Amino acid sequence: MNGLIDAAFGRGKVVTLVFAFLLLVGSFAYLAIPKESNPEVTIPVVYISTSLDGISPQDAEDVLVRPMETEFASLTGLSTMIAKAGEGFATVQLEFEPGYDAGQALDDVRQAADRAENDLPDSVNLTVTEINTALFPILTVILSGPVPERTLNAIADNLQDEIEALGGVLEVDVAGKRDELLEVLIDPTVFETYNLSFDELIGSITRNNQLIAAGAIESEAGRIVLKVPGLIENAQDVMDLPIITRGQTVVTFADVATIRRTFEDPLGYARIDGQPALALEIKKRAGANIIDTVDDVRSVIDRLRASWPQTVEISYTLDESETVKTMLSDLEANVIAAIILVMIVVVYALGLRSSVLVGLAIPGAFLTGVAVLYFMGLTMNIVVLFSLILVVGMLVDGAIVTVELADRYLHEGDSPNAWPMPAPPNAWPGRSSPRPRPRCVCSFRCCSGRAWWANS
């Protein structure tokens, strides 16, 4: 440490340039570092859920839970496994040991789930859910207004595609939207006329709503892949489906049924000021700047809003960027206030030079710390901001004590470059500190302790 201090005192211009460089790099890092509200905390918990309509709790335990327990029990790093079975469903909660690689644990769980799925009934699907704080929404955009439901859904779908195209957005979930479906209204009299049954009708739709690969043809011109298109894409495709053939007559759906577009039965309602509403929950990518991401989302909405009906209203809720902006403003206000107040006090007690040194030490330490965080790949979150605000007092105390000590030595006659001070020849044996000198009662300058240091 003494060698570093000697080098600093002997190269004052280099130290000044390094300090200016740290201020510039720290300022750049403060503007460029990703800012978010909450730190990304790894939670070693994974949920696996299954469902099977009509199954009893006892059967769910035997058919669903036991095969999953057999596969998941052998996972590396598994600490606790909790399984629950109920009417029509079964869930398994896996908790891994602290410090275990969360990504590796999730991969192991998915592989075990694929193996367990082979032992489950064919109509059962496993859903693996990771608990991740980074997947919480950072902004909720609400669309509302006296417009048809289909129009509101189309606006939400278009807005979802545009927002998900942004670099800082991971995904957008639309809440309150009902899925569209085709409703088929059948006249029983027509069924009796053509001697049809419901099973034949349903089987015809199932057989036709498929994409069949027909192989490939290789020739001198190249390879051509063939397919038999049979996917239902709109209502007209259903209307043109053949049901039965009687000689030269083909009976289609249009002959026996009426088809119309509708929605699934609602499970709940969302209203704002009495008008129907949809909510878009926006999630950001890990490491993305929350302030820039929210600003980009608002810009996209403002750009697309010109093509919407004027009655559609936009409202924003749960905007976490406002919390981050408030914390940043508090940090900047505290730092500026600390610099001003400390400089006023130090100017009064020690002078202008000491106050300037103390005033430069505080932002220099802050910006250097932010630069270290930036180059380490960390983010500026609420924990980091709180820590920086908390250490303001420590920085102020350390700067004042150091500057006051140096100022006192200068007033006692020491040279600004007198570091380290040479040890006097009459030091205590085996110790680096000088022996206490008796108080001088003569008028010779050489008897003064501090004068001795300067003249030796």
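Colleague: What share of the contacts with a separation of 6 or more joins residues 24 or more positions apart?
Modeller: This is a predicted model, where local features need pLDDT of at least 70, side-chain atom pairs count only at pLDDT 80 or more, and totals for chains, interfaces and linings use all residues. Residues are numbered from 1 along each chain as its sequence is written, and side-chain values use heavy atoms, with hydrogens and water left out. Contact means heavy atoms within 4.5 Å. In the protein chain, the share for residues 24 or more positions apart is 71%.

Colleague: Is Glu313 buried, partly exposed or exposed, and what places it there?
Modeller: Buried means under 20% relative accessible area, exposed over 50%, and partly exposed in between, with a 1.4 Å probe and protein chains only. Glu313 has 43% relative accessibility, so Glu313 counts as partly exposed.

Colleague: Which residues does Glu313 contact, leaving aside neighbours within four places in sequence?
Modeller: Ile272 is 41 residues away along the chain, and its C-alpha atom is 9.7 Å from that of Glu313. The contacts of Glu313 beyond those neighbours are Ile142, Leu143, Ser144 and Arg305.

Colleague: How many residues of the protein chain are there, and what percentage is buried?
Modeller: The protein chain has 456 residues. The buried part is 30%.

Colleague: What are the classes of the residues in the lining of the largest cavity?
Modeller: Ala, Val, Leu, Ile, Met, Phe, Trp, Tyr, Cys and Pro count as nonpolar, Asp, Glu, Lys and Arg as charged, and the others, Gly among them, as polar. The lining includes Phe96, Tyr100 and Glu130. The division is nine nonpolar, no polar and one charged.

Technical notes:
On a 1 Å grid over the protein atoms alone, a cavity is a set of points where a 1.4 Å probe fits but cannot get out, and a pocket is an open set with protein on both sides within 12 Å along at least five of seven lines; lining residues have an atom within 4 Å of a point.
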